[in-house]
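Take a look at the model below. We will walk through a few of its helices and rings.

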Amino acid sequence: MFCKEQEEWFANYSVENSYMYHRHTAYFVIEVSSLLVIMLVANFANFSVMVAILRTPGLRRCPHNVFVLNLVAMDLITSLGSMPLSFVDLFAPGYLLCLPALCGIHGVLSLFGCFGNFSAVILISICRCLGIVFFNTVEMKKRYLALMLTSGWLTAILLASPTISGDSSCVYTPGTHHCSPSWKDSCALYTIGVSFIYVITIPTMVICYVLITLKIKRSADMVESYVKKEQASSRLSLHLTPRGQTGELESDSPFPNERDEISNAEHSLGDTSQISSISQNIESEMRKQHLEMKFKSFVKKRGTQKMKNSFRRYDKRVAISGALLVLTTTVCWTPYFIVHSCRRETEPKHAVEVWSMWIAYVNSALDPIIYTMLNTKIRERVRQQCFIILSIIPRWNH
């Protein structure tokens with residue numbers, strides 16, 4: 001059943017983008033299937049990461065994972081509070097016009113989830129930077145975590161407040177299939193939002209991950225320098241040189257007692273066979289000591305080599321995660337803000353509006369996937385959860 005506002009919208013809407021366009025073309029199937037996949041993946045991935053962290057004491061006590069949970073919460077606001085309403089609009093275009101209160105809630109949740117997501121990724125970047133670069137000077141106490149989380153939520157609320165207070169009304173946008181602020185009538189809000197994303201969020205993320213990468217590289221260089229010093233000192237300690245023509249050992253020899261024993265034997269024993277026997281025992285002992293020292297040096301070298309390799313792997317993992325977060329944030333939201341620019345004079349095509357919105361929705365699905373792939377512990381917990389779910393499904397069939 002159509003309301004009056006919805007009927008007026010149908011009457012004023014162009015034939016090319018009419019209700020029949022959504023219901024009987026291949027574009028409709030593509031729109032529905034793509035949004036359904038995005039919505040299911042986003043909800044499953046976010047809930048999987050949330051359960052994995054909350055059920056594992058070691059994971060939930062980590063300050064970094066607290067901020068990951070905050071990001072998951074923001075993504076769930078989008079995937080549960082915005083995507084389903086857009087999905088319903090695909091089957092009943094314009095129904096939000098009949099429910100102005102629901103349209104307003106939809107717009108507020110969309111805006112809050114968007115800016116809350118950016119606040120969350122900033123906090124994650126800052127937390128990583130403080131924990132790795134400034135770990136000697138800054139300790140992540142609980143009150144600092146609470147202060148940072150509160151500041152992130154307050155920032156999202158502040159940026160979404162114009163739609164709550166009525167300074168910027170939410171209007172139904174057919175191209176995005178959801179309610180959002182009227183950007184052309186709220187150019188100030190659009191400018192503030194874009195500035196928050198491209199002047200504060202993305203540069204902060206880039207700076208933090210650059211500092212983290214440099215710090216890890218410096219740590220790897222220190223380990224390599226330590227390895228070289230240990231190898232050099234090991235070679236010096238193993239180096240034995242004769243003193244003069246007598247074949248005696250230098251004063252820095254690691255076998256001073258054996259040297260005194262030879263000297264005493266030469267003065268007190270007349271039988272040279274006894275001296276020869278003592279010399280052979282000493283040489284055998286020296287060979288054992290030499291092999292033992294070489295073995296210790298080898299073990300130590302292998303240990304430090306593993307440290308170097310772990311630094312390289314961690315450096316690579318942090319660099320990849322930082323690059324992915326910056327790229328996904330930029331790539332997913334840039335099309336939306338270009339298409340819906342308040343300074344744009346021409347109306348974009350329906351397909352362009354839809355896909356700019358869908359790509360922005362994809363960001364809510366990519367965030368938990370990135371953290372699941374690059375965090376070994378979270379990935380293992382999520383894998384165990386998936387195995388449990390797969391083992392339960394056959395029981396339901398019986």
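In which helix is N70 found? N70 is found in helix α5, residues 63-81. Helices here are DSSP runs of H or I with at least four residues, numbered from the N terminus. This is a predicted model, where local features need pLDDT of at least 70, side-chain atom pairs count only at pLDDT 80 or more, and totals for chains, interfaces and linings use all residues. Residues are numbered from 1 along each chain as its sequence is written, and side-chain values use heavy atoms, leaving out hydrogens and water.

N70 is buried, at 7% relative accessible area. Buried means under 20%, exposed over 50%, and partly exposed in between, with a 1.4 Å probe and protein chains only. Leaving aside residues up to four places away in sequence, N70 touches A120, L123, L149 and W153. Contact means heavy atoms within 4.5 Å.

Now follow W153. This residue forms an aromatic pair with F112. Rings of Phe, Tyr and Trp (its six-membered ring) pair if their centres lie within 6.5 Å; planes under 30 degrees apart are stacked, over 60 edge-to-face, and the rest tilted. F112 lies in helix α7 (residues 100-132) and W153 in helix α8 (residues 142-165), so the pair ties together parts 41 residues apart in sequence. F112 is buried, at 10%. W153 is partly exposed, at 34%.

The structure holds 12 aromatic pairs. One aromatic cluster is formed by F118, W183, Y190, W333, Y336 and F337.

Methods:
Helix = DSSP H or I, 4+ residues; strand = E, 2+ residues; numbered from the N terminus.
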